[in-house]
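Here is a short report on one protein model. Please keep the sequence and the 3D view open while reading.

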Amino acid sequence: MSISGPSTDASTKTTLHPTILSALQPFTSPEVLASPGLHPFASSPEDTASTLQRIIETTHQAALSLNAHLSLPLSNPKLLSLYRQHASIFHTVQQSEQNAQHIVTSLRKRIGITFGEDIPIERPRIIEWFLRRLLEWGTSAGMEAFNEPERDGRITVVLGGKVLVVDIDFVVDRTDIANPSIDVATLKTAYAIPNSTADSSSGNSVSMDGFLAEAIRAFLKEVQKDDAERDSVEAARLGMLLSTYFSYLMKLDNLALSEGDGGLRWFTVIDRMSLEIEALASKEAKAVLQSERGASVPPLDVFLLRAHALPLPYLTTPSISFLTYLSPLAYLKLLRTAPRTSPPALPHLPTLDVPLQHIRASLKTHPRLPGITFATVVLSPTSPPSLPEIDPQPAAYSIVPDADRVDFIFPGAREVQALQGQQYSWILDFTEGGKYPGVVMSQSRIRAIEFVLNPFGAENMPEMPMMSFGTGSWLDMLFNVQTHISPERYAAVYTSPTSIHPPLQLRLSTPDEPGFVLETIPVRTLKEVWSILEIVRDQCWLNEILGSCQWIPEGLQANTAPPEPDEVAVTDDDLQAVLKGTLKPRSIPVNIHLPLPPPPDSPFAEADMDPGPTRRARITMTTPERPPISGLVEIGVTLDPSRPRGVAVEITGAMGVDVNVEALEEACRRGGLLGLPGRVWKKAHET
């Protein structure tokens with residue numbers, strides 16, 4: 001029973017499979033379809049869409065083949081037995097081959113697995129070995145590379161493409177003959193379009209000079225450490241980064257060369273954009289400082305909640321990154337590890353309580369500190385999506401009045417054909433090139449991102465389908481719960497670090513919407529980047545707040561209630577405390593609900609187009625009133641950039657209780673959001 005299946009190569013003829021089983025077997029491999037990647041903002045949505053199309057075609061052909069064999073006389077028992085035996089043997093062979101292929105593919109796709117640099121044991125040979133490695137990185141990226149002989153303790157290395165030239169001067173110290181050293185003296189980049197008649201056909205980037213020099217110095221520092229301190233695996237990681245930087249620059253080199261006059265924009269766009277948005281970030285930092293009492297510099301965490309994402313050009317690639325969110329714990333670690341004194345920042349850079357130099361150094365560490373979310377705008381060799389060119393809606397709130405005027409359009413490469421006709425598009429990468437997982441997002445916020453890119457609706461994006469298998473919630477992905485059935489609620493116990501209130505028995509209702517892992521997003525303008533990062537910031541705020549507790553599915557595992565003490569004698573004082581409502585309970589029940597944000601409106605709808613605070617991330621908690629009052633106390637916390645702490649706390653109920661809302665908002669900023677019901681309970685019993 002043969003069946004023809006689609007070939008992976010469009011230039012070849014359709015492959016004829018011997019059986020239906022052999023046609024369907026390849027689609028059962030674990031790496032064919034990954035559930036978190038079945039959406040348009042995965043790392044490779046085109047491959048997923050192509051695989052789904054092949055599944056549809058193969059199943060259609062299998063149905064035709066089965067219908068064609070219905071008329072065959074198969075009444076011979078011996079023939080049927082041979083068919084079963086053949087199918088069983090063939091399935092076993094196919095399964096064994098597939099398992100072996102899966103193991104090989106998994107080993108090849110491992111990220112961050114290296115075997116270390118082959119650093120010479122004899123230290124006098126390290127200089128020669130390093131120069132050879134540097135030339136190898138350049139030539140592997142497509143550069144022409146050569147070095148001059150050493151003269152007066154100086155060595156010059158030149159790496160160049162058709163447009164870009166990198167000139168590096170190294171200083172060699174041979175004072176100790178047995179332990180010579182080498183370091184970067186100067187590094188200068190220059191780019192010029194050959195045979196160009198334009199006035200601005202040449203230039204250079206000081207920021208790129210510093211970025212490449214710092215990367216080379218980090219590698220040299222690691223390989224020249226003492227044998228007991230040197231880490232060859234870390235050296236290999238740093239060397240791989242350098243090779244990646246050169247490859248990315250050669251990608252820009254090819255685009256600039258193929259475009260001719262005006263091609264230098266591929267090298268200058270990041271510098272021009274960085275200067276303007278860093279100046280805007282400085283204005284936003286000053287606006288945040290105005291709402292701070294007694295502070296000389298604005299806090300970094302409040303800045304990230306109220307202002308645009310913090311721009312960090314040339315952080316991990318020769319492009320620009322945006323620090324989107326910091327968890328309270330990550331901010332505290334950055335604040336405590338920051339140096340007491342740091343060089344003054346440039347006038348156009350924002351001044352924060354955590355110096356920018358320390359932020360950049362911390363974000364470059366591997367592995368990354370948990371609770372940090374940043375994205376990088378990079379050029380990717382993927383075809384740009386067909387989307388309408390329309391500006392996204394402005395932000396719901398901005399602390400700087402003229403922030404909406406700042407915008408940049410990234411250079412388009414649709415008409416520019418690089419080598420072999422390869423097309424390129426700009427993407428917003430949350431995985432740092434696949435080194436880290438993306439951001440767990442709810443479906444409603446994925447739809448909001450889709451609305452930013454295409455305000456006319458998802459029906460105009462047929463090449464980027466969105467789907468989800470099963471009925472699980474995005475909380476299941478966030479908590480990494482391996483259950484076949486998505487629980488209706490999750491349970492946890494929140495204990496006050498200072499024991500100011502009884503333990504809180506938290507019950508979180510599971511939102512009825514699936515989740516996805518956000519990895520990469522195609523972008524065209526700076527406003528699109530800011531609008532997307534605003535949505536991602538809301539989701540990260542929810543993820544980190546909920547992730548501060550250890551949640552388990554309610555009813556599927558052991559009881560999460562605090563342990564009850566042994567039975568004790570009840571006294572008259574206990575009875576009077578119950579009647580007066582002053583008895584301290586063993587635990588306080590708290591129900592937590594996550595309201596679903598409304599769907600984005602059409603840009604031509606008559607309704608208000610301002611997203612408003614209702615679309616912000618919100619957590620609602622309800623707890624019983626203090627006895628003998630009946631009813632519930634509702635505490636709502638909304639991410640609100642207009643508030644001094646970036647969050648707004650609303651309390652309904654709590655009759656007769658004088659609650660300081662500003663103090664509760666400060667507690668939310670420090671990571672104590674889930675403990676607000678306990679603070680309200682304590683304040684009620686003090687009244």
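## Basis and overall build

This is a predicted model, in which local features need pLDDT of at least 70, side-chain atom pairs count only at pLDDT 80 or more, and totals for chains, interfaces and linings use all residues. Residues are numbered from 1 along each chain as its sequence is written, and side-chain values use heavy atoms, with hydrogens and water left out.

The protein has 16 helices and 21 strands. Both are DSSP runs numbered from the N terminus: helices are H or I with at least four residues, strands are E with at least two. Of its 687 residues, 46% count as buried. Buried means under 20% relative accessible area, exposed means over 50%, and partly exposed lies in between, using a 1.4 Å probe and protein chains only. Among contacts with a separation of 6 or more, 69% join residues 24 or more positions apart. A contact means heavy atoms within 4.5 Å.

## Nonpolar core

The largest nonpolar core holds 157 residues. Such a core is a set of buried Ala, Val, Leu, Ile, Met, Phe, Trp, Tyr and Cys residues joined through side-chain atoms within 4.5 Å. F170, W541 and W551 have the most contacts inside this core.

What does W551 touch, leaving aside its neighbours within four places in sequence? Its contacts are F479, Y490, A491, A492, L506, L508, L546, I592 and L674.

## Helix 11 against helix 13

Helix 11 (residues 443-453) packs on helix 13 (residues 526-546) at about 175°, with the axes 9 Å apart. Axes are lines fitted to C-alpha atoms, for helices over the stretch in contact, and angles run from 0 to 180 degrees between N-to-C directions. The two helices are therefore roughly antiparallel, a label for angles over 145 degrees.

Helix 11 brings R445, A448, I449, V452 and L453 to the contact. From helix 13 come E528, S531, I532, I535, V536, D538, Q539 and L542. These contact residues divide into eight nonpolar, two polar and three charged. Here Ala, Val, Leu, Ile, Met, Phe, Trp, Tyr, Cys and Pro count as nonpolar, Asp, Glu, Lys and Arg as charged, and the others, Gly among them, as polar.

## Aromatic cluster

The whole structure has eleven aromatic pairs. Rings of Phe, Tyr and Trp (its six-membered ring) pair if their centres lie within 6.5 Å; planes under 30 degrees apart are stacked, over 60 edge-to-face, and the rest tilted. W137 and F219 have ring centres 5.1 Å apart and planes at 85°, so this pair is edge-to-face. W137 lies in helix 4 (residues 126-140) and F219 in helix 5 (residues 206-223), so the pair ties together parts 82 residues apart in sequence.

W137 is buried at 4% relative accessible area. F219 is buried at 0%. One aromatic cluster is formed by W129, F130, W137, F170 and F219.

## Backbone in the loops

Most residues other than glycine have a negative phi, and most peptide bonds are trans. D152, not a glycine, has a positive phi of about 55°. D152 sits in the loop between strand 3 (144-147) and strand 4 (154-160). Y314 also has a positive phi, near 55°, and lies in the loop between strand 8 (310-313) and strand 9 (320-326).

Which of these is buried or exposed? D152 is exposed at 82% relative accessibility, whereas Y314 is buried at 4%. The peptide bond from H366 to P367 is cis, with omega near 0°. P367 is in the loop between helix 10 (356-364) and strand 10 (372-380).

Methods:
Angles under 35 degrees count as roughly parallel, over 145 as roughly antiparallel, 65 to 115 as roughly perpendicular and the rest as oblique.
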